[in-house]
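Subject: Handover of a structure and its findings

Dear colleague,

Please find below the structure that I am handing over to you. My findings follow it, arranged by topic.

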Amino acid sequence: LDAAARYVEAMGAGGTASGFGPFDVLAYFFAGSDYYRIDDKTPFVLPIAWMMQQILVAVLVGSYAIRDLSGQAPQVLMRVGGRREWWLSKCLWAVATVLAFYALEAAVAVVAAVAFGGASPMGDAVSIAVLGFPLSAFDGGELALSLLLPVALSLSLALAQVALSLVAGPFMSFVAIMSFLAVSVYFGSPFLIGDCSMLARSGFVQPGGVDAAPTLAACALVCAASVAFGAYAFSRKDLTGRVD
């Protein structure tokens with residue numbers, strides 16, 4: 001971002017660009033890639049910088065529930081008096097972990113902008129050069145919705161992963177979530193919401209892109225379904241072999 005800002009300023013384009021601000025850093029984190037056209041001659045490449053965030057969240061939440069089951073869960077279950085309370089506590093922990101992750105990411109964006117970018121927003125020319133779209137073209141509401149989508153996606157995937165881990169184990173649930181993300185990036189289907197957090201695919205950026213409002217509703221539906229499925233799976237899980 002700093003190199004692009006200096007280059008554009010030196011070339012005399014985007015004279016207002018004197019650095020980059022926190023929203024520019026976040027936009028760079030969430031930019032992702034444009035839709036992949038299967039008939040293109042360019043090979044399919046996963047946007048690693050974007051996907052790394054979802055990988056980190058998946059690693060953080062992946063084995064927590066199963067690890068807790070093999071540890072103090074029997075004693076905790078005896079004290080709380082039911083499985084539902086234990087399962088809901090795991091869901092709340094996953095939600096808190098995701099929110100803490102993005103709070104830390106926002107703090108990194110602020111520190112990076114202050115330390116290296118001057119904390120001033122980029123001009124349109126720089127945003128186009130770096131991200132492929134002018135960030136300043138977003139109004140406040142559109143920008144807020146676009147930056148809310150990564151959090152909503154991570155929450156839905158984290159809860160789905162924790163629920164799946166009760167049935168398939170931590171490793172297979174991690175593989176399933178990562179495969180879903182990769183397939184979503186490749187096909188770019190509205191029924192595959194794994195790519196919904198990419199700013200480059202936002203409906204605010206290009207016609208036919210991701211519509212923020214219904215996608216947020218879909219993420220909320222996945223969260224609710226994951227909590228319900230996990231509760232059912234845990235209610236059917238045999239814990240007798242884990243109790244002394």
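Rings of Phe, Tyr and Trp, with the six-membered ring taken for Trp, form a pair if their centres lie within 6.5 Å. In this structure, which is a predicted model, Tyr-36, Phe-44, Tyr-186 and Phe-187 make up one aromatic cluster.

Aromatic pairs
A search of the whole structure gives eight aromatic pairs. One of them joins Trp-86 and Phe-234, whose ring centres are 4.5 Å apart and whose planes meet at 25°. Planes under 30 degrees apart count as stacked, so the pair of Trp-86 and Phe-234 is a stacked one. This pair links distant parts of the chain, since Trp-86 belongs to helix H6 and Phe-234 to helix H10, 148 residues apart. Trp-86 is buried, with a relative accessible area of 2%, and Phe-234 is buried as well, at 1% relative accessibility.

Overall architecture
The protein chain contains 10 helices and zero strands. Of its 244 residues, 43% are buried. Among the contacts in the chain with a separation of 6 or more, 77% are between residues 24 or more positions apart. The chain exposes about 12,400 Å², and carbon and sulfur atoms supply 68% of that area.

The nonpolar cores
In soluble globular proteins, nonpolar side chains tend to be buried together. Which residues touch the most other members of the largest nonpolar core? They are Trp-87 and Leu-166, in a core of 33 residues. The elements that give two or more residues to this core are helix H2 (22–30), helix H3 (48–61), helix H4 (64–69), helix H6 (83–117), helix H8 (140–168) and H10. Apart from this core lies another, of 20 residues, including Leu-149, Ala-152, Met-178 and Cys-196.

Leaving aside neighbours within four places in sequence, Trp-87 is in contact with Val-162, Ala-163, Leu-166, Ser-226, Val-227, Gly-230, Ala-231 and Phe-234.

Ala-158 is located in helix H8 and is buried, with a relative accessible area of 2%. Beyond its neighbours within four places in sequence, Ala-158 is in contact with Val-57, Val-61 and Val-98.

Ser-202 lies in the loop between H9 and helix H10 (212–235). Is Ser-202 buried or exposed? Its relative accessible area is 6%, and buried means under 20%, so Ser-202 counts as buried. Apart from neighbours within four places in sequence, Ser-202 is in contact with Ser-146, Gly-209 and Val-210.

Ile-38, Val-183 and Phe-187 make a nonpolar surface patch of about 290 Å². Phe-187 is also a member of the aromatic cluster described above. Val-183 is found in helix H9 (residues 170–187). With 36% relative accessibility, Val-183 counts as partly exposed, because this value falls between the limit of 20% for buried and that of 50% for exposed.

Yours sincerely,
A colleague

Technical notes: Residues are numbered from 1 along each chain as its sequence is written. This is a predicted model: local features need pLDDT of at least 70, side-chain atom pairs count only at pLDDT 80 or more; totals for chains, interfaces and linings use all residues. Side-chain values use heavy atoms; hydrogens and water are left out. Helices (H or I, at least four residues) and strands (E, at least two) are DSSP runs, numbered from the N terminus. Buried means under 20% relative accessible area, exposed over 50%, partly exposed in between (1.4 Å probe, protein chains only). Contact means heavy atoms within 4.5 Å. Accessible areas come from the Shrake-Rupley method with a 1.4 Å probe; for residues, only the protein chains shown count as cover. Patches are made of residues with over 30% relative accessible area and no salt bridge: like charges are joined within 9 Å, nonpolar side chains (Val, Leu, Ile, Met, Phe, Trp, Tyr) within 5 Å. A salt bridge is a side-chain nitrogen of Lys or Arg within 4 Å of a carboxyl oxygen of Asp or Glu. A nonpolar core is a set of buried Ala, Val, Leu, Ile, Met, Phe, Trp, Tyr and Cys residues joined through side-chain atoms within 4.5 Å. Rings of Phe, Tyr and Trp (its six-membered ring) pair if their centres lie within 6.5 Å; planes under 30 degrees apart count as stacked, over 60 as edge-to-face and the rest as tilted.
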